Amino acid sequence: MKILNIAKKHEALLGDDFQVYFTPGRVNLIGEHVDYQGGFVLPVGINLGTYAFVSKRDDCFFHVLSENFLGLGTKIITIEELENYELDELEKYEYQKTEISELYQLDNKILNDLKKYKINRKKNNELDGWTKYVKGMLRAFLKNGVDFSHGLNIVIFGTLPHGSGLSSSASLEVLIGTILNDQYSCNLDPFEIAIISKNVENKYVGVECGFMDQISVASSVINTAMLLNTNTLDYRHIQLKLGEYSLIIANSNKSRRLDNTKYNERQNECSIAVSSINKNGGNIDYLCDLNSDNYLTYLNFISDEVIRKRAKHVICENLRTLDAVEALKVDDIILFGELMNDSHNSLRDLYEVSCFELDTLVDSFRFHGAIGARMTGAGFGGCVVSLVKTNNILDIISKVQQDYLKIVGYSADFFPVKSSDGTRKLESGDLL
Ligand code: GLA
């Protein structure tokens, strides 16, 4: 009901003939910081996500408004500005570069232009705020030859805590992709929409994320987790039978901005690890090409201690994810929880992407009876995901909240979540 009230509130913009779309967020259960090194990840689409109310316009403008950023008002996006977005050529260079060394071989003019492009992109993105995701997607569809014969009014309403590692940006990108696909009859499947969304995130927004977020919010299936091989992009849905346990997400409220963090630095460290291994006789594309029989030998090829720690996390986390799937298959939730704990410890000690706030939540959840608790997403703030006894949820939440408040000095937010289907148009029955 609440959802439809939002459409009512914006009737002046939407009119009364509108359609509703939903894209979930995702929580990654295990397999963290491996998706840019060809590893396995295990995300679940969740029942928090992003809604859109959409109506057709007679002109060719796009009027977009977010209930979550009402202060920014309605933004009007024109086809001209999408067409005139600068420097396609340079974007191409940037996208194609696989190694920094390759970039240095480009001539000076290109390098300088590239620098300018990046500065301008940052400035434009700051000015555009949340609408950068909408513009990026619109532009991608335009460049793929979609004819915007009419414009749209789009009202967005998100229930995901913003910027907290639950893929609010992928959710919005895939949502816009789903809307455009439907409204302009593009016949794309969710996988194709996810690919476009990831490219927009990498090139237009400028965040070098892997593929996990976009594909999981596009194609999740209720009561399952998605085992995604980020090397081949093959995926399978694994039954998620949690028995007497439930998932709780806790937002540390320590905000993180993925594009401002050490995320890209970690990616770089992994590339250095791959080069060190290959320089010493290895022959791998990704760290996750290594397996439990050979990785110890290869790790010794890395002389830098920090880089070795990073590589060890990625390799072992990948193997752990496969173990976790085996645990799910035999309904061994306790083992699954232990593997979640190991994952967090490795992210904290080897990959060093956790932080005081996340560790405080994890320790408190474990102390009060969670069978598994770990940071989820990029880290440096954001959320923790825990497995707790369903009949104890409220009690645990209140105890962890007290601990957190006492130790950190401000509150966390808690969301008991359920799994959800992926991106879709909602029927009127779904909204009641
Ligand atoms: C962010 C990125 C993902 C993934 C995670 C870490 O959420 O968007 O692609 O790399 O961090 O697992």
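Predicted model: local features only at pLDDT ≥ 70, side-chain atom pairs only at ≥ 80, totals over all residues.
For E32, an N or O atom of the side chain is 2.5 Å from an oxygen atom of the ligand, and for Y263 the corresponding separation between a side-chain N or O atom and a ligand oxygen is 2.7 Å. R26 also contributes, with a polar side-chain atom lying 3.1 Å from an oxygen atom of the ligand.

Elsewhere in the description, attention turns to a pair of helices. Two packed helices are described by the angle between their axes and the distance between the axes. Helix 15, spanning residues 356-367, packs with helix 16, spanning residues 393-408, at an angle of about 145 degrees, and the two axes are 9 Å apart. The crossing in which helix 15 passes helix 16 is right-handed. From helix 15, the contact is made by F356, E357, T360, L361, S364 and F365, while helix 16 supplies I396, K399, V400, D403, Y404, I407 and V408. By class, the residues forming this contact between helix 15 and helix 16 divide into 8 nonpolar, 2 polar and 3 charged.

Methods:
Residues numbered from 1 in each chain as written. Heavy atoms only, no water. Polar contact = N/O pair within 3.5 Å; in protein donor to acceptor, adjacent residues only side chain to side chain. Axes fitted to C-alpha atoms, helices over the stretch in contact; angles between N-to-C directions. Helix = DSSP H or I, 4+ residues; strand = E, 2+ residues; numbered from the N terminus. Left-handed = near helix turned anticlockwise from the far one by under 90°. Contact = heavy atoms within 4.5 Å. Nonpolar A, V, L, I, M, F, W, Y, C, P; charged D, E, K, R; others polar.
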